[in-house]
Amino acid sequence: MSDRCVAVLSGGLSHERDVSLRSGRRLSTALRSVGVTVDEWDADANLLARLREHRPDAVLIALHGAEGEGGSVQTVLEMLDVPYVGSDSHACRRAWDKPTAKTELARAGLATPDWVVLPHSTFRELGARAVLDAMVDRLGLPMMLKPEQGGSALGAQVVRDAADLPAAMVGCLAYGETVLAERFVPGVEVAVTVVDGVVDGSDGPVALPAVEIDPESGVYDYTARYTAGLTTFHTPARLDERAAAAVADLAVAAHRLLGLRDVSRTDAIVAGDGTVHFLEVNSSPGLTETSLLPMAAEADGRSLGDIYTALIERAVNRSR
Amino acid sequence: MTSGPPDGISTSTSLDPHLRRYAARAAGMTASEVRALFAVASRPEVVSLAGGMPNLTALPLDSLSTEVAGLISGEGLVALQYGSAHGLPELRDQICEVMALEEVRGHPDDVVVTVGSQMALDMVTRIFCDPGDVVLAEGPSYVGALGTFAAYQADVVHVAMDDDGLVPEALREALTACERAGRRVKFLYTIPNFHNPAGVTMSVPRRSEVLSICAAHGVLVVEDNPYGLLGFDGQTYPALRSMDPDNVVYLGSFSKTFAAGLRVGWVLAPHAVREKLMLAAESATLCPPTLNQMIVSRYLATHDWKGQVKAFQQAYRERRDAMLAGLSQYLPAGCSWTVPAGGFFVWVTVPEGVDTKAMLPRAVTARVAYVSGTGFYADGLGSRQMRLSFCYPTPERITEGVRRLAAVLSDELELAATFGPINQRAGSGPQVPAPDTA
């Protein structure tokens, strides 16, 4: 049992507010179950005053979207010298920007689907048709389109027919000014949670069992993520020993290369030839009833409360 | 380093052990991006032109609290007890007086008090519709009604509207087409006054014509009239029910004229229908909340409720004017909109190439929310339309919201110019449940 007093931040103004509120509620419940005193705060104009008045032992960031994952809240907490669980503001920025994260991992020799990053202005100035054709020539079809920043698969689409590309671009650009287009890699989709100093005897990053994602529709979109019953999860992923080790290694490598700390979740694809492709990494993983981190923790015989209590202690110790 | 389960055996879960047990009608009940975006609309930084929440700031809260306290202390043993599924007799008498303002002559025995008129709509659909039956509804139509029809697996066939409401010729054609296809049309669902979402009102001559067409085709009319007393100049229109009592089921509500949170509405139906509705109500809720009925009844008896409705009319007129002025000032060329003479909503049509459903994330980023027109059609139409509500924000916030929306629309037009006409996505239909309280 812990006697810590912490604040859980959730909500915010991002497109993922609803998911964040659910993550925050679940995390708060888990922490209370192990004796932690929890205040639940929205990230709004009262936040700084609350932080100064209450001075929690640590802050836990269950915010998703730019506020929670893009480093801005972390910067504020660093300015106020408030301990918090999770990666620092610089690492968050690297992870939040998908092309930056992919570039870092590719430079380290890790596989990630070929990609291009293009802002709306390029299509406008050079002509959409010509640029879209060039994208198809480079990446082939099907192709993944994602906002260069963002989570919960909002705005993300698999495009199988070139005729659908313009509509998919419009849908994607509704979430941001720049699109990340990736070659589509068929295979087994997995998510690997990495935690620092939680698994007995280790201070460094350790991968929890990979969760295999098998959406009924074939696409792990927003609906498949947040509607119980539409996706089957296999934990640990049904991979052979070598592939299981490879996805764990990839997740730990991503955690280290991007300078992440405490907790992260890497999403990857295991292709038919056994190659593990990095897709993206989340510095503030979802904690909802249908999220992947809690499943990984459970498969590892750990409760969410136990994991985050250990991470709270790490955060408090860092500030000493 | 890797951690792992002690036995290494993979377990599989869909996170829903009841998956195989759901009825077919639950198939569409899934999480959606659009509904998630409405979570942001509740934050004060966002100007929500999305929800249909009545503006209650003009209510006399002090005297109401005294009344409620008096009810509990004086009549608590009745107020906190079960009641009849029919509803309190004195309230049913008063409901008949309210309906008389729109020329409805109903007997209190034929009124059933319900938990909001939404429940009345649910009961009417339950007793009339088998799966696959057809319900005719204006296109667009109230999203909450479409959700109810979908829940009972009825198929909605939309009937076109114009500035005078439902188009009789379109109704005739829809009925004929259904008959030719051998489909059973169970009723026409219509909101004749200050339509949600379209904002238009059915002209009086059309009312007679619509009733005649339905009678000729043997089709019942379900008249939903939550906004009828909210004409900005105090004008009212004869209810369809007043013109054909035997073939119209009338739904009424105190949600817009008094307090939505009390959830008190009613249905007035021909006697035989009323009997079935009462049994349906009994199985759904046993009885409507007694205390809430008594609060409404006391309010009608002791307060100048008609004066209060005038205050609501005034407040909504000011907000409507602010919205129309903002639309004229800020919206880009090629947009058009309806001019409501009452109610809560303006229906906006945007230039070709803009998909209002796809545009919503951009609007939320710009701190303004609306409801895409696709939510008001069962067949995926409406992507060039949006509903803007002016009932809840202050006039100043409405102006600011429209200004933000105009900037979003300009950006979206630029996208449309870049990528060309977009294939509109069909079949999206209404979200479940309705986002009318966002």
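In this predicted model, B:P197 sits in the loop of chain B that runs between strand 7 (185-190) and helix 7 (204-216). The peptide bond joining B:N196 to B:P197 is cis, with omega at about 15°. Chain B has another bond of this kind, from B:G139 to B:P140, where omega is near 5°. Here, too, the proline is in a loop: B:P140 is found between strand 4 (134-139) and helix 5 (143-151) of chain B.

Some other backbone angles are worth a look. A:S152 isn't a glycine, yet its phi is positive, near 60°. This serine belongs to the loop between strand 6 (143-147) and strand 7 (157-159) of chain A. Is A:S152 buried or exposed? A residue needs 20 or more C-beta neighbours within 10 Å to be called buried, and A:S152 has 24 of them, so it counts as buried. B:L15 also has a positive phi without being a glycine, with a value near 70°. Its place is the loop between strand 1 (11-13) and helix 1 (33-41) of chain B. With 15 C-beta neighbours inside 10 Å, B:L15 counts as partly exposed.

Next comes the meeting of the two chains. The contact draws 48 residues from chain A and 37 residues from chain B. On the chain A side, several elements give two or more residues, among them helix 1 (17-33), helix 7 (120-126), strand 12 (231-235) and helix 11 (241-257). Which element of chain A gives the largest share of that side? That would be helix 9 of chain A, with 6 residues. Sorted by type, the chain A residues that touch chain B come out as 28 nonpolar, 15 polar and 5 charged. The chains also pair up strand to strand: strand 12 of chain A and strand 1 of chain B run antiparallel and are joined by 3 bridges. Within this pairing, A:H234 has B:S12 as its bridge partner.

In soluble globular proteins, nonpolar side chains tend to be buried together. The largest nonpolar core in this model has 150 residues, and those with the most contacts inside it are A:L145, B:V135, B:L136, B:V267 and B:A369. Helix 14 (residues 395-419) of chain B supplies the largest share of this core, 8 residues. Apart from it lies another core, made of 75 residues, including A:V59, A:V188, A:V211 and A:V276.

An α-helix has 3.6 residues a turn, so residues three or four places apart point the same way.

An unreviewed UniProt entry puts the feature "domain: ATP-grasp" at residues 102-313 of chain A.

Terms used. Residues numbered from 1 in each chain as written. Chains lettered and ligands numbered in written order. Predicted model: local features only at pLDDT ≥ 70, side-chain atom pairs only at ≥ 80, totals over all residues. UniProt positions renumbered as here; feature names shortened; annotations may be inferred. Core = buried A, V, L, I, M, F, W, Y, C linked by C-beta atoms within 7 Å. Buried ≥ 20, exposed ≤ 12 C-beta atoms within 10 Å, placed from the backbone. Helix = DSSP H or I, 4+ residues; strand = E, 2+ residues; numbered from the N terminus. Contact = placed C-beta atoms within 7 Å. Nonpolar A, V, L, I, M, F, W, Y, C, P; charged D, E, K, R; others polar. Pairing = 2+ DSSP bridges.
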